[in-house]
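Please go through the following model by question and answer.

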Amino acid sequence: MLLMASFTAVQADDVMRKEKDGTYVVNTTTLARDVDGYIGPTPVEVYIKKNKVVKVVMLKSQETPKYNARVKKEMLPGYENQKIAKGKSLEVDGVTGATFTSNAVKENVKRALEYYWKHK
C-alpha cells in the first residue's frame with residue numbers, strides 16, 4: 001500500500017510541475033499514453049499561468065514530421081492566451097490533412113487541462 005502511494009506521488013510529479021514564475025507545466029506523456037495520432041502517442045506539454053494557456057509544445061512522437069510541423073505552425077498557436085475554466089474545453093481548429101495528429105493533440109490538451117484543474 002505504501003509502495004503504491006509512493007508511485008502515485010512520483011507519477012504526479014512527472015505529469016505536472018510548477019515553475020518559479022508560477023507557470024504550471026502539464027506533460028501528457030503518461031497522462032494520455034492511450035491517445036494515438038496516426039502512428040502512435042502524441043504527447044504535449046501545456047504551459048498554464050493564471051488560468052491562461054501560455055503555449056502548447058509537442059513532444060517527441062513517431063508521427064510524420066511534416067504533419068507535426070503543420071500542427072505546430074497552424075494549430076498550436078490557437079491555444080495561446082486562451083483563458084481556461086474548470087470543466088470547459090478549448091475550441092481550436094485542426095489541420096486539414098493531419099486529422100489524426102490534430103485530434104490526438106486536442107485530446108492531449110483536453111486531458112492536460114482537466115489534470116491541471118484537479119491538481120493545481
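Q: Which residues line the largest pocket, and how many of them are charged?
A: In this predicted model, where local features need pLDDT of at least 70, side-chain atom pairs pLDDT 80 or more, and totals for chains, interfaces and linings use all residues, the lining includes K86, K88, K110, E114 and K118. Residues are numbered from 1 along each chain, and side-chain values use heavy atoms, without hydrogens and water. A pocket is an open set of points on a 1 Å grid where a 1.4 Å probe fits, with protein on both sides within 12 Å along at least five of seven lines, and lining residues have an atom within 4 Å of a point. The lining also has I84, A85, G87, S89, L90, L113 and W117; by class there are 5 nonpolar, 2 polar and, as charged (Asp, Glu, Lys, Arg), 5.

Q: Which residue in strand 4 is the bridge partner of V46?
A: Strand 3 (residues 44-49) pairs with strand 4 over 6 bridges. V46 has as its partner in strand 4 V56.

Q: Is N68 buried or exposed?
A: N68 lies in helix 2 (residues 65-74) and touches M58, S61, E63 and T101 (heavy atoms within 4.5 Å), not counting residues up to four places away in sequence. Its relative accessibility is 11%, and buried means under 20%, so N68 counts as buried.

Note on methods
Pairing = 2+ DSSP bridges. Helix = DSSP H or I, 4+ residues; strand = E, 2+ residues; numbered from the N terminus. Buried < 20%, exposed > 50% of the residue type's maximum accessible area, 1.4 Å probe, protein only.
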